[in-house]
Amino acid sequence: MEQQWLSRRTREAEGAAEGGFDLAECVREPIHLLGGVQSCGSLVAVDPETGVIEVAARNTGALLGVEAVDLVGGPVTRLVPAEAFEEAVRAAGEEGGVPAALDLPDGATAPDRGLDVSAHRRDGLLIMEFEPRGAADAGARGFYQGVRRALARLRSAGNVEDCCRVAVREVRTLTGFDRVVAYRFDGEDGPGEVVAEDVREDWEPWLGLWFPATDIPPQARRLYRENWIRVIGDVDDVSVGLHPPVREATGTPLDLSQAALRTVSGFHLEYLRNIGVRSSMSVSVLREGRLWGLIACHGAEPARITPEVRSACEMFGAAFSLQMSAIEERERADALVGSTARAAAVAEVLGGGRLGEDLGAGGGPLTDLLGADGVVLRRAEHTLGAGEPFAPGLLRALEARARTLTPGVVWCTDRLAEEREEAGPGGGVETAAPGGGAEAAGGGPAGVLMVPLSGSGEYIAWRRPERPMPRQWAADPSAPVRVGPRGERLTPRGSGAVFRAVVRGRSLPWTVGDRVAARELWRLLTALVLRHAEVLDAVNEELRMRNVDLDSFAHAAAHDLKEPLRGISNAATFAMEDAGDGLDAVTLRRLRTMQRLAGRMDELLNSLLHYARLGRAGLRVREVELGDALDAALEVAGPRLAEQRVEVVRGTLPRVWADADRLDEILVNLLVNAAKYARRDGERRVEVTVERRPVPPAGDGAGTPAGPERVVVVRDNGIGIPAERHADVFDLFRRLHGPTEHGGGTGVGLALVKRIVERHGGRIWLEAVPGGGTAFYFTLGASAPDPA
């Protein structure tokens, strides 16, 4: 079964292997430089500045009365009056514009006969085409009315299918061809499907058949984008050459890309002969500048399509293209109504901050919104997904593509594997098995729709599974070269000999409604995020002001309360000194208690003052040797450790990024804490090292731990801490023992450590069991890259 149509390289290789016919030659043929015109008219190429003819068709003598060899190098006024030439220069406009028809009266050209003349610019030359004018058409008014009726019927079409059916019927009425089809391309360089047809009864119908991409090679598609119409009057016509055959200025034949009389590739003529066609016409259908398809006409006999009919069909093709765009815009508007409501309902569900919960529960409304089987949200370093998973390579590729798109611009594909193949090595969207279908990709998606949330690679994306699609081909797409009535050529077959195949690696296409719903969801979520950001900014500002007030209060209170405390302590001291031995034991004990409590209150106020100062002071973060920081901390905590006979063990101590003074304070408090709570007997030890280990989630600890990071560890083998008291140890003024037990203290040390760590953007936590020691772990944020 056919997986997908063949790549150009594969087609070339297989074409070369098919006997003597090299399909690659057809693909490479420069059909705009064939150096000839159809014999139904003639042509000259003129320098628009000087009026000198540089190239002429070799039939000018028969049609215009002057031989080509006599015209080249001479003035164009030998053929048309100077006024007519000036009018042609003005009418042709800029290079690349639409060829202009010139309304020249009889006798204005040599010889004295009626000619239709058109002009356009190409490669710095003015190319003038001459065609004999037929007898006056008595039914010209009727033809004009027919064109008007055709356009009116076209405007009444309500959808794409109706539009195509009207188009083929009206074009056949205008032109008299035996078969007219609307032919839609599957992508600009893909195969084509006959989506509408009007054909004489004794001809085999083609409706619903697919034709290989090789039938219309890339260079032909380029010309279809440049020219609205292309006519072949007789496939057996003998082409007329040009004089000179090669331009001296370019070293190539004259570029006839926009010439109505341009001769036809021998490959294409053979193709038409093999399907019994003597004349043909193609009208381009463009959508937003891209080739959507063709209105293709075939006749059993030679036909002369007059400039008037060509102009009418060209106008009809432009109107058809505009009508198709209008239908799409109407469908987009209709889709917007329903999709907006659906997106709003989903946004309301997600607006309560439950996006993570919803994704964790299977995606629910998010996947249902677009009929997807999986969805992923990529924000910063976090990825939330639901339903069927996205491969890591696909996530990275989508992130790279999102960086190239404007936020809110929807990107989608229903053929993910082909995106990778067309981009080539290192490009496109990566799949698990580039170039294969979803089955080959190990169950990966066949379709993806993505909306960038920002310019930094954040996005939300949906995926769809493969949906195999049956097709009926007019020729085997894997072997487009067949032996026809005239030999080995590109020969399509009729519906009586179709090639049935299944296209793999495609998902259900993303509709206009899907794209509108995705963009609307982006818009609504963006608005919600902005509103939440405004509220959060206001809350943060209020919190900042309260913190400033609280720090100021703590600082002032600590200073103001210390003075009366000193007075109380001094008063007790003076009372004891003045009374001497006259105080009874109870009074003396009470005065000494007053002194001790005043001293403890002074310690608490000093700790409070220091804690408040940490909230206001800035950090001077730099690279610090952790070993040097430990040495500095031991100068303060060493005597206490020695007193308790606690051995200090050094592990791996690399450089870290921190405020050196604050880091010293962290280590001092943790080392003193280890000395206080050392075991009563046996070996006493505290280790300081750095390890790589997962960091627990913030908050209540629920969720998945972050990946391994560098963590500083201070681990002792002391008395440990019960699990239910782990969170309490970091509370301000919270002690787990009495004020005189284990060396006393204010209960501020670990609260200071926690505040310093958090000021660095880090995390601190502990692991401990009663009698099994305690390990304090802390990180110092992302101040600098991890050298490990």
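The following questions and answers concern a predicted model.

Residues are numbered from 1 along each chain as its sequence is written. In this predicted model, local features need pLDDT of at least 70, side-chain atom pairs count only at pLDDT 80 or more, and totals for chains, interfaces and linings use all residues, while side-chain values use heavy atoms, with hydrogens and water left out.

Q: How many contacts does the stretch of residues 740-744 have beyond near neighbours in sequence?
A: Contact means heavy atoms within 4.5 Å. Over residues 1-23 the pLDDT is below 50, and this stretch has 59 contacts in the model beyond near neighbours in sequence. Residues 740-744 also have pLDDT below 50, and beyond near neighbours in sequence their contacts in the model number 10.

Q: Which element gives the most to the lining of the largest pocket?
A: A pocket is defined on a 1 Å grid over the protein atoms alone, as an open set of points where a 1.4 Å probe fits, with protein on both sides within 12 Å along at least five of seven lines; lining residues have an atom within 4 Å of a point. Grid points are joined across faces, edges and corners, and a volume is the space filled by probe spheres set on the points; for the largest pocket the volume is about 1700 Å³. Elements that each supply at least two residues of its lining include β7 (179-185), β13 (290-299) and α10 (307-350). With six residues, the element that gives the most is α15.

Q: How many charged residues does the lining of the largest pocket have?
A: The lining comprises 42 residues, of which Gly187, Trp292, Glu328, Trp510 and Arg515 lie nearest the centre of the pocket. Asp, Glu, Lys and Arg count as charged, Ala, Val, Leu, Ile, Met, Phe, Trp, Tyr, Cys and Pro as nonpolar, and the others, Gly among them, as polar. By class there are 14 nonpolar and four polar residues, and the charged ones number 24.

Q: Which residue in the hairpin of β7 and β8 takes a positive phi?
A: Two strands pair if DSSP finds at least two bridges between them. Seven bridges join β7 to β8 (residues 192-199), and these strands run antiparallel, with Phe185 opposite Gly192 in β8. Six residues lie between the strands of the hairpin, and the one with a positive phi, near 85°, is Gly187.

Q: What angle does the direction of helix α13 make with that of β17?
A: An open sheet of five strands has the order β15-β14-β18-β17-β16, with antiparallel pairing. Its edge strands are β15 (382-387) and β16, each pairing on one side only. Axes are lines fitted to C-alpha atoms, for helices over the stretch in contact, and angles run from 0 to 180 degrees between N-to-C directions. Helix α13 (residues 392-403) packs on the sheet, and the angle with β17 (447-452) is about 45°.

Q: Which residue does a cis peptide bond join to His243?
A: The omega of this bond is about -10°.

Conventions
Helix = DSSP H or I, 4+ residues; strand = E, 2+ residues; numbered from the N terminus. pLDDT = per-residue confidence, 0-100.
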